[in-house]
Amino acid sequence: IGCKQVVWVLCFSLLSRLLILRPPLLTLTYPIALFIKVFHHEQAQTPHWPSKLFFYCERPATRGGGTAVCPSDQVLIKLRQAHPDFVQQLEDKGVKYTAYMASVQDASKGAGRSWKSFFGRDTREEVEKRMTELGYTWEWLENDALKATSPVLKAVRQAPGTDKQVFFNQLVAQIANAKEFGASDDGEAEANLSKYMTFGDGSPLDLKALKYAQQACDECAVELLWQAKDVALLDNYLVMHARRDFDGPRRVLASLVR
């Protein structure tokens, strides 16, 4: 079966109306082109992440708009074969992520969350307290912007309840986020990735290896082609996901399971 197997994904069509018990997330929030083939484990760039993801398709797009799903263990196998030294460094050192956030949400950017929404706090004092609790370091910038660096996080994990080692991180998505967010002075984030992500000891990551991981995600992906009332349950440890390009209205709701 290889990479094209569907792993730990449940997708089915509801014959009756879905009762939504709590306010879900709406996945259509940012400009479409920014999220084509940007594979990620949900919130893996933070110290806390969901274990499962529920998706409900209320209204499919006129064209496209599927959700691509990628088995993270297969990506890791490919990456270990092609770049064993890089994977070993990930396992030994972990990674750190740096985000640049304004005080106000910027809906024109895929990485445009404000520090208020990111940390769920409204004031600098409250955000600093929360960052201290989570192990972040930070620097306040001009115009009330915030530069926040995560604690050292694992980039390779064993998926709970399995014997699978997974490429559980946000490195592939961070390439796109860094390039699009444009916090680098020269405007070329790929030439300055260390402003956005490093190994846990602060040393730079290998861009060639990251590009290979990005390619491996595409090679291993399968597609969820939404129909109205479809529901999908994804294991956030075992699979990455990405939204595909689309035309027309699209409304897909998501709920995160701790």
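Modeller: Start with the terms. Two strands pair if DSSP finds at least two bridges between them. Strands (E, at least two residues) and helices (H or I, at least four) are DSSP runs, numbered from the N terminus. This is a predicted model: local features need pLDDT of at least 70, side-chain atom pairs count only at pLDDT 80 or more, and totals for chains, interfaces and linings use all residues. Residues are numbered from 1 along each chain as its sequence is written, and side-chain values use heavy atoms, with hydrogens and water left out.

Colleague: Which residue of β8 is the bridge partner of Thr 98?

Modeller: In general, strands of a sheet pair through backbone hydrogen bonds, either parallel or antiparallel. Here, Thr 98 has Thr 149 of β8 as its bridge partner. β6 and β8 (residues 146-149) run antiparallel, joined by four bridges.

Colleague: How many bridges link β6 and β11?

Modeller: Three, again in the antiparallel sense, with β11 spanning residues 197-199.

Colleague: Is β6 mostly covered or uncovered?

Modeller: Buried means under 20% relative accessible area, exposed over 50%, partly exposed in between (1.4 Å probe, protein chains only). β6 (residues 95-101) is mostly covered, with five of its seven residues buried.

Colleague: What is the strand order in the open sheet of three strands?

Modeller: The order is β12-β5-β14, with antiparallel pairing. β12 (222-224) and β14 (239-243) each have a single partner strand, so one side of each lacks a neighbour in the sheet. Neighbouring strands are turned by 30° against each other on average, direction ignored. Axes are lines fitted to C-alpha atoms, for helices over the stretch in contact, and angles run from 0 to 180 degrees between N-to-C directions.

Colleague: Where does β5 meet β12, and which helices pack there?

Modeller: Three bridges join β5 (residues 67-71) to β12. Thr 67 pairs with Leu 224 in β12. Contact means heavy atoms within 4.5 Å. Helix α1 (residues 72-82) packs on the sheet, touching β5 and β14, at about 55° to β5. Helix α6 (residues 207-220) lies across β5, β12 and β14, running at about 110° to β5.

Colleague: How many disulfides does the whole structure hold?

Modeller: A disulfide is a pair of cysteine sulfur atoms within 2.5 Å. The search finds zero. For Cys 70, the nearest cysteine sulfur is that of Cys 217, 4.2 Å away. Cys 70 counts as buried because its relative accessibility is 0%. Cys 217 is also buried, at 0%.
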